[in-house]
Amino acid sequence: MTDVARRGDRSPVPTDWTYAPAPESTDIVRLQERYGLYVGGEWLETKEHFATISPRDESPLAEVAQASEGDVQGAVAAAREAFGTWSTLPGSERAKYLFRIARILAERSREFAVLESLNGGKPIKESRDVDLPLAAAHFFYYAGWADKLEYAYPNRSPKPLGVAGQIIPWNFPLLMLAWKIAPALAAGNTVVLKPAETTPLTALLFCDVVRQAELPPGVVNIVTGDGSTGAALVESDVDKIAFTGSTEVGKAIQRRLAGTGKKLTLELGGKAANIVFDDCALDQAVEGIVNGIYFNQGHVCCAGSRLFVQESIYEPVVEKLKKRMTTLRVGDPLDKNTDIGAINSRMQLEKIEELVAAGKEEGAEIYQPPCHLPEKGYWFAPTVFTNVAQSYRIAQEEIFGPVLSVLTFRTPDEAVEKANNTPYGLSAGVWTEKGSRILWMAERLRAGVVWANTFNRFDPTSPFGGYKESGFGREGGLHGMEPYLDFE
Ligand code: NDP
């Protein structure tokens, strides 16, 4: 039982919430023992396979195909063959398929959400309430454009490019698939997509949606594998590469494609500044800070991983933040009460541990709320660093984990200067009650997205992408379809 505290004549409030376990059943997911490659509307066997596991307990979930260079070439050939028919269908016909996909994703959303959390480690309430609705919304949104390309880009005669090679990461597996596939198909292209090595299962389940929607064979092809499969896709006979992932791999792809005439969009890392002014709604800002960095275990390219607090409110912000952190529940991703799930892989956990150790060594002060981490699986407690200098690695490098670095500023100019002091430029947040200040800051922050009095908000109609080492090209909105089109 929870103790109840009486606060004057106001309603009693619990002082110590205890939560009974509320696990989501996994019965809805039917996994195959082994998956092949989805090419030309059929499942193809490969010579090699690898195991995909659940990061919550390291249990194996299925065997997944490792696509070779030849397999990738076969998938691109299937997409090329399908392009002739798909690109010449009336836009309204293509739209029908995309609407169907959106509807099927919505109908099967619980199944997809459970599988996403099982394979990737993110809390079920996030897969259920964010990843799935947004993935369906992307297909729904781009379906609406499929028959209006001439109006979307007037007097520019938009034409599809051909075959798009798409490489996605492990932090939002199905959502990144939707961001890539929906605009490409709406514009009349066919695709070969490679999901990340650690999270291939929702992309493989998506093949069943493609089948259910009766998409012509070869319009969507899914090839699984490790980085070498991604590299083979970059080398293959595609007309465009769309990549989301690390800056390092993005740069290598850019070097490889230079001079080939293939189109390229890169959505890479980030080190977003979340900037809190002393006139903001403090409690709301603290919620935004927490959402900004601990959402999806911090495995978010636009995570608000650098918190800039105006000096005059530094103490109350840090105090409220630490207090709020003690209420975050870390644990089983499939429990509906979980706020912070499992770290996606052992490799990522080691990277987070390395950077946190560097932060301590460089002199920052660490705080982690008391929490019980499960014994099996990959876990990291929500962490905040204070006393951070701008030169520290934890203030410069993308940690991609639940780790926040707090810095301070005095004036808006100083906030802008410090916020822009990073090689990245993907997103930023501003917390203030002054509309004029929001606009002033947004004009000066070198970030593709600037959120005001909110954070990590996404909408299919709104373009998303970066500056500097965060990449180029946009996803979402009309801007997100443009890289899949040629203009006269
Ligand atoms: P990667 O950039 O290696 O992975 C992204 C995708 O690219 C995966 O599908 C990966 O395959 C594939 N890939 C890997 N090497 C190549 C290659 N040479 N050519 C083509 N494709 C390739 O990211 P990691 O998963 O290794 O994560 C490392 C760091 O990158 C993270 O710690 C984080 O800081 C950052 N990151 C940023 C993301 C973002 O959204 N901006 C997303 C993910 C990571 P495979 O999975 O098989 O390796």
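An oxygen atom of the ligand lies 2.6 Å from an N or O atom in the side chain of Trp-170, a polar contact in the sense used here (a pair of N or O atoms within 3.5 Å). Another residue to look at is Lys-351, with an N or O atom of its side chain 2.8 Å from an oxygen atom of the ligand. At Ile-168 it is a polar backbone atom that sits 2.8 Å from an oxygen atom of the ligand. On its own the ligand would expose 850 Å², and the protein buries 85% of that (accessible areas by the Shrake-Rupley method with a 1.4 Å probe).

The model is a predicted one, with local features needing pLDDT of at least 70 and side-chain atom pairs counted only at pLDDT 80 or more, while totals for chains, interfaces and linings use all residues. Residues are numbered from 1 along each chain as its sequence is written, and side-chain values use heavy atoms, with hydrogens and water left out.

Now for the shell around the ligand. It holds 27 residues, and Ile-168, Trp-170, Ser-246, Leu-268 and Lys-351 come nearest (a residue is near if one of its heavy atoms lies within 4 Å). By class, 13 are nonpolar, nine polar and five charged (Ala, Val, Leu, Ile, Met, Phe, Trp, Tyr, Cys and Pro count as nonpolar, Asp, Glu, Lys and Arg as charged, and the others, Gly among them, as polar). Helix α8 gives the most to this shell, with three residues (helices are DSSP runs of H or I with at least four residues, strands are E runs of at least two, numbered from the N terminus).

The ligand sits in the largest pocket (more than half of its atoms lie within 2 Å of the grid points). A pocket is an open set of points on a 1 Å grid over the protein atoms alone, with protein on both sides within 12 Å along at least five of seven lines; a cavity is a set where a 1.4 Å probe fits but cannot get out, and lining residues have an atom within 4 Å of a point. The largest pocket has about 1,300 Å³ of space (the space filled by probe spheres set on points joined across faces, edges and corners). Of its 50 lining residues, Trp-170, Phe-243, Gly-245, Ser-246 and Val-249 lie nearest the centre. Here α9 gives the most, with six residues.

The largest cavity holds about 100 Å³ and has 17 lining residues, with Ala-419, Gly-425, Ser-427, Arg-446 and Ala-447 nearest its centre.

Definitions and conventions: A polar contact is a pair of N or O atoms within 3.5 Å; within protein, one must be able to donate a hydrogen and the other to accept it, and residues adjacent in sequence count only if both atoms are side-chain atoms.
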